[in-house]
Amino acid sequence: EVETKNEFSLRILIIGLTIGLLGYFLKLPNIIKIVLYLISYGLLLYKTTINAIKLLFRSRTINENFLITISCFGALAIGEVLEGMMVVTLYIIGKVLEEKAINNSRKSIKGLLDIKQNYANKKEDNEVQKVRVEEVKVGDILIVKKGEKIPLDGVVIKGESALDTSALTGESEEVNVKTSSKVLSGSINKKDVIEIKVTALYEDSTVAKILELLESATDKKTKMETSISKISKIYTPTVIILAILVIIMLPIFTDVTLKSSIYRGLTFLVISCPCAIVISVPLSYFTGIGVASKKGILIKGSTYLDNLSNAKNIIFDKTGTLTTGSFRVESIDISNDSYTREDVIEILRKGESFSNHPIAKSILSLSNKKVNNKDIKDYKEIEGKGISFTLDDKRVLIGNKSLCDCDNDTILHLNIDGVHIASITINDGIKENAKETIEGLKKHGIKTYMFTGDKKEIALAIGKKLEIDEIKYEMLPTDKFSNYEKVSRAAITIFVGDGINDTPVLKRADIGIAMGAVGQDAAIEASDVVLMKDDLSKILLAIDISKYTKHIMIQNLVFAITVKILILLLSVFGLANMWFAVFADTGVTLLTIINTLRIMKKYN
């Protein structure tokens, strides 16, 4: 549709310009020349004039359409026919190219907008019927063939295949699925036919939520965009008043002729067109949001994209965000020859069988044998330190170095009757890229926090390993909320959570980032930024895109405003003609568009 409109505009432009040039260069009677000029200007300016009149009557505001209309008809009236035609010609070409640039930046999001499969192959009584996705119910069985998108969220009940989830996560690596694997709508089946059982209606599916998010993303404007919209309503009438003053005052106070002052006033109007300023801000943000979406980062609006570059604090939830939530025993170092590895594992498993702590679960997973803990006596949990119990009349301690009176920094120790028996190294489940992400955030001047409901010793051990600035532990969800309020008073603060039990804080945060949130309803609804893949480094990428987008936008504004002010001053003193004006308007607009496309190039 956009291409059709552009093609039509260009056809009208060629016809109008040809008629005008014939009138200008052919030796014809004046009356015929005037008729050809009027036809030419009518064709060239009809759309601009209609838009100006509509806006004037509907919103009682005037914009660049009004300025161009007055300038061009004014140029015709004072005999500057060719210059008037060139102004509107270049203005139309600029608008066509501007539309094309916006359309190109939309293509960054287009891949995501194409994730919807409009039909589903529904299996019923051993027959397959093609139905609309909106008609499918929870529990229906669907056939997904090679090359088709998965229409709705579900579970594989038959077959094995590989799925392309790049439209959802931004990652090109295929995901293998088999019976009982969860699959998300929008993924593309790359190999064999699979059967899935539907687990969510279309309106509750991953695809529907992502599309809804994307459609509303560019509607949320930043303060800068809103300010420019407000200023432009005052700016244009002010420019017209100044142009009238130029026309009136110059003949009175100088020896400039009336015709020359009108020409300068009209040139002043063309230069003053705020096209470059008005387009550069939303186009920059739109491009930034599009680029981020292509990388698997969904940003719900330009306000949040802008705020990412201004953030001074970032708070991480621990479990599910910085860590996987699961611990694993990496090694057991025995320091007493009286005990074998099997002896140590048996004692550890007996004691930890009474605990629900994640570390206890990792100890229990060391063997598949059933635990016999009937010979355990006097079991106690020592808060923040570990456990103690009696086994075969021996006093057993399992816990940190403080409890076991040991100098070794290993997270867990076994002590029997005051003698150190073994040190157990536990993999704390810290996510890949976590440390590098924290380091990168600090380079951006962002203070890091960790909020967790976990025990003190675990929280401090992980916080220390990641070099997080401030750690708060043993917190309830309400504690996270109230502590967020304290941190965020001074500056813009990001909260990063896994989107399940952090929904209240994600919703409250200046910027709520949901980690690895594909398919998580609460995360998509509550957060402002959704990372489609469980990858902490995407936070740094989102901040980088935000900073670069703002950098480009400021470049555009400074360049546009500087050129306009310079040429405006030249026009008042008669040193700038309509050609200068065209550059100050259309030329500057095109240069800002080209500069904005650098955002796409940088992250391509």
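Visitor: At what angle do helix α9 and helix α20 pack, and how far apart are their axes?

Guide: Helix α9 (residues 275–294) and helix α20 (residues 578–596) meet at an angle of about 15 degrees, and their axes lie 9 Å apart. Axes here are lines fitted to C-alpha atoms, for helices over the stretch in contact, with angles running from 0 to 180 degrees between N-to-C directions. A quick word on the source: this is a predicted model, where local features need pLDDT of at least 70, side-chain atom pairs count only at pLDDT 80 or more, and totals for chains, interfaces and linings use all residues. Residues are numbered from 1 along each chain as its sequence is written, and side-chain values use heavy atoms, leaving out hydrogens and water.

Visitor: Why is α9 called roughly parallel to α20?

Guide: Angles under 35 degrees count as roughly parallel, over 145 as roughly antiparallel, 65 to 115 as roughly perpendicular and the rest as oblique. The pair packs at about 15 degrees, so α9 is roughly parallel to α20.

Visitor: Which residues of α9 make the contact?

Guide: Contact means heavy atoms within 4.5 Å. On α9, the residues are C275, A276, I279, S280, L283, S284 and T287. Their partners on α20 include D585, V588 and T592.

Visitor: What makes the buried residues of α14 line one face of the helix?

Guide: First, buried means under 20% relative accessible area, exposed over 50%, and partly exposed in between (1.4 Å probe, protein chains only). In α14 (residues 434–443), the buried ones are A434, T437, I438, G440 and L441. Seen down the axis of α14, they fall within an arc of 160 degrees, so they line one face. That arc is taken from the directions from the helix axis to the C-beta atoms.

Visitor: What do those buried residues of α14 pack against?

Guide: They pack against β11 (313–317), β18 (447–451), α15 (456–466) and α19 (537–572).

Visitor: How do you know that β13 and β14 pair?

Guide: Two strands pair if DSSP finds at least two bridges between them. β13 and β14 (residues 386–391) are joined by 5 bridges and run antiparallel, so they meet that rule. One spot to look at is I382, which stands opposite G386 in β14.

Visitor: Which strands of the open sheet with the order β12-β17-β16-β15-β14-β13 are edge strands?

Guide: That sheet has 6 strands with antiparallel pairing. Its edge strands are β12 (328–334) and β13 (376–382), since each pairs on one side only.

How values were computed
Helix = DSSP H or I, 4+ residues; strand = E, 2+ residues; numbered from the N terminus.
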